[in-house]
Amino acid sequence: MGIRKARTTDVAKIGELLSQLGYPTDRVALGCKLNYLSQDTDHLCLVYEQDGVVLAFIAVCFVPQMAVSNDLALIGYFAVEQQARRKGIGKQLEAYCEQLARERNCNCIQVHCNSKRIDAHRFYERQGYQESPKYFSKKLF
């Protein structure tokens with residue numbers, strides 16, 4: 001039981017978790033993306049595994065900042081199996097990422113969370129996150 005780096009053998013379960021968030025995913029494309037990101041030291045995909053079963057995953061990116069000495073950590077995706085929620089798994093994954101961010105000289109972790117995910121908002125607030133008032137996005141296709 002514990003946290004480890006995601007492997008290509010985790011693609012099916014990560015795809016299921018993404019589907020639970022409303023992101024249907026092409027497993028072949030997801031496998032390619034996971035393989036690509038696993039070779040980049042600024043990207044990390046972790047899973048929480050218990051008794052050989054993946055129950056959660058988190059993807060984090062470390063971004064160098066031009067204007068300040070500290071860097072930024074961005075959580076891109078974070079999902080816990082619906083039946084495994086409220087058992088501390090998400091808290092452990094988030095705390096692990098926070099520690100990694102501190103080790104990489106990040107002074108901030110950010111996450112974009114859809115406005116409809118009220119339970120996720122409560123989770124992030126319990127972990128010490130504060131809502132930022134502006135977020136801009138431009139669709140490219």
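In which sense do strand 3 and strand 4 pair, and over how many bridges? Strand 3 (residues 53–63) and strand 4 (residues 71–80) are antiparallel partners, joined over eight bridges. Strands here are DSSP runs of E with at least two residues, helices are runs of H or I with at least four, and both are numbered from the N terminus. Two strands pair if DSSP finds at least two bridges between them.

A word on the ground rules. This is a predicted model, where local features need pLDDT of at least 70 and side-chain atom pairs count only at pLDDT 80 or more, while totals for chains, interfaces and linings use all residues. Residues are numbered from 1 along each chain as its sequence is written, and side-chain values use heavy atoms, with hydrogens and water left out.

Let's step back to the whole chain. The protein chain has four helices and five strands, and read along the sequence they follow the pattern β-α-α-β-β-β-α-β-α. Its radius of gyration, taken over C-alpha atoms, is 15 Å, close to the 14 Å that the globule rule (2.2 Å times the number of residues to the power 0.38) gives for 141 residues, so the chain is as compact as a globular protein of that length.

The five strands form an open sheet in the order 1-2-3-4-5, with mixed pairing. Strand 1 (2–5) and strand 5 (106–111) are its edge strands, each pairing on one side only. From one strand to the next the twist averages 30 degrees; axes are lines fitted to C-alpha atoms, for helices over the stretch in contact, and angles run from 0 to 180 degrees between N-to-C directions. Helix 1 (residues 11–20) packs on this sheet and touches strand 2, strand 3 and strand 4 (contact means heavy atoms within 4.5 Å). The direction of helix 1 makes about 80 degrees with that of strand 3.

Cys61 stands opposite Leu74 in strand 4, and Ala56 has Val80 in strand 4 as its bridge partner. Strand 4 and strand 5 run parallel, joined by five bridges; the partner of Asp71 in strand 5 is Cys106.

Finally, visit the second largest pocket. A pocket is an open set of points on a 1 Å grid over the protein atoms alone, where a 1.4 Å probe fits, with protein on both sides within 12 Å along at least five of seven lines; lining residues have an atom within 4 Å of a point. This one is lined by 13 residues, of which Lys5, Leu37, Ser38, His43 and Leu44 lie nearest its centre. Helix 2 (27–38) and strand 2 (43–50) each supply at least two residues of that lining.
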